[in-house]
Amino acid sequence: LAALCYENLDLYNDAYIEYRKLAEDLPDPAPLAPDLYRLALRLGFADEARKYERMLPPGHAPDPDAGELVIFAGFGKGPVKVSGDIVLPPSIRFSFPQYQDRATARGEVTGSDADGPLTAIAVTTNLNAVARSALSARGAALAAKETARAGLKEAMAQAAESANDEMVTLFARAILFIMEEADTRGWETLPAALTLARFRLPPGQRRNVVVRIATPAAAASDAIRIPRLELKPGQRRYYSIRAY
């Protein structure tokens, strides 16, 4: 996505760096070879261009005039935060947030037109895993904050005990126990996973491009029809679609 944004702004060197970083992270960099080869030629990186040219199928050098259909496909419902509790005597309650999945983060995005299936380059982000990773990164700060809050509440309860009134003490401890709740606010409208799929297409008018999203939980794939798709040489068209 960052590389595409840089290309839209004609910042080709920045785009090349982003593509190269992604290629290094992928188990197989071959799907990005056309982009790296194309940009290396544009930037005059002859050695790099030869390196990525060797990854291209014979006779499949990228067409500089080709257009591209870029699909952002979200599927499933993202995780929700729920409250977890640890209770210690006499009435100390620690509440902490944790994520609970609502849907699988697996799916497949495919496309076709009147001529048959379209070849796609796709990258998928598991937002269930991203949410857990982000919460884990804040775990130490959340634990310290929770411990301090629990200590303050216990001090308040002990202050009530010093009044030698059993009913006041029980009432104070009950109120403080009930008030202890984790912060479960979150982005509940996010999908469980987000796929960025790119379809290289020759310029000109193409009709009835159909994008399908298939997930393990669905009995059939969702089909989204993109009619009368017209691309100028080198143009990209972007669509965001959502499947539940």
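User: In this model, is the crossing of H3 and H4 left-handed or right-handed?

Analyst: Handedness describes which way the near helix is turned from the far one. In this predicted model, the crossing of H3 and H4 is left-handed. The contact is made on the H3 side by Ala33, Leu36, Tyr37, Ala40 and Leu41, and on the H4 side by Glu48, Ala49, Tyr52 and Glu53.

User: At what angle do helix H3 and helix H4 pack, and how far apart are their axes?

Analyst: An angle over 145 degrees counts as roughly antiparallel. Helix H3, residues 33-43, and helix H4, residues 46-53, pack at about 155°, with 8 Å between their axes, which makes H3 roughly antiparallel to H4.

User: How do H2 and H3 pack, and which residues make the contact?

Analyst: The angle between H2 and H3 is about 145°, and their axes lie 10 Å apart; the crossing of this pair is left-handed. From H2, the contact draws on Tyr12, Asn13, Ala15, Tyr16, Tyr19, Arg20 and Ala23, while H3 supplies Asp35, Leu36, Leu39, Ala40, Arg42 and Leu43. These residues divide into 9 nonpolar, 1 polar and 3 charged.

User: How many aromatic pairs does the structure hold, and where does Tyr16 lie?

Analyst: An aromatic pair is read from the distance between ring centres and the angle between ring planes, with planes over 60 degrees apart counted as edge-to-face. The structure holds 2 aromatic pairs, and in the one formed by Tyr16 and Phe45 the centres are 5.4 Å apart and the planes stand at 65°, so this pair is edge-to-face. Because Tyr16 belongs to helix H2 (residues 12-25) and Phe45 to the loop between H3 and H4, the pair ties together parts that are 29 residues apart in sequence.

User: How many bridges join strand E1 to E12, and which residue stands opposite Ile71?

Analyst: Strand E1, residues 67-75, runs parallel to E12 and is joined to E12 by 8 bridges; Ile71 stands opposite Tyr239 in E12.

User: What is the pairing in the open sheet that holds E9 and E10?

Analyst: That open sheet has 4 strands in the order E5-E4-E9-E10, and the pairing is antiparallel. The edges are strand E5 (116-118) and strand E10 (222-226), each of which pairs on one side only, and the twist averages 30° from one strand to the next. Strand E9, residues 209-214, pairs with E10 in the antiparallel sense over 5 bridges, and Ile213 has Asp222 of E10 as its bridge partner.

Methods
Residues are numbered from 1 along each chain as its sequence is written. This is a predicted model: local features need pLDDT of at least 70, side-chain atom pairs count only at pLDDT 80 or more; totals for chains, interfaces and linings use all residues. Side-chain values use heavy atoms; hydrogens and water are left out. Axes are lines fitted to C-alpha atoms, for helices over the stretch in contact, and angles run from 0 to 180 degrees between N-to-C directions. Helices (H or I, at least four residues) and strands (E, at least two) are DSSP runs, numbered from the N terminus. Angles under 35 degrees count as roughly parallel, over 145 as roughly antiparallel, 65 to 115 as roughly perpendicular and the rest as oblique. Contact means heavy atoms within 4.5 Å. Two strands pair if DSSP finds at least two bridges between them. Rings of Phe, Tyr and Trp (its six-membered ring) pair if their centres lie within 6.5 Å; planes under 30 degrees apart count as stacked, over 60 as edge-to-face and the rest as tilted. Ala, Val, Leu, Ile, Met, Phe, Trp, Tyr, Cys and Pro count as nonpolar, Asp, Glu, Lys and Arg as charged, and the others, Gly among them, as polar.
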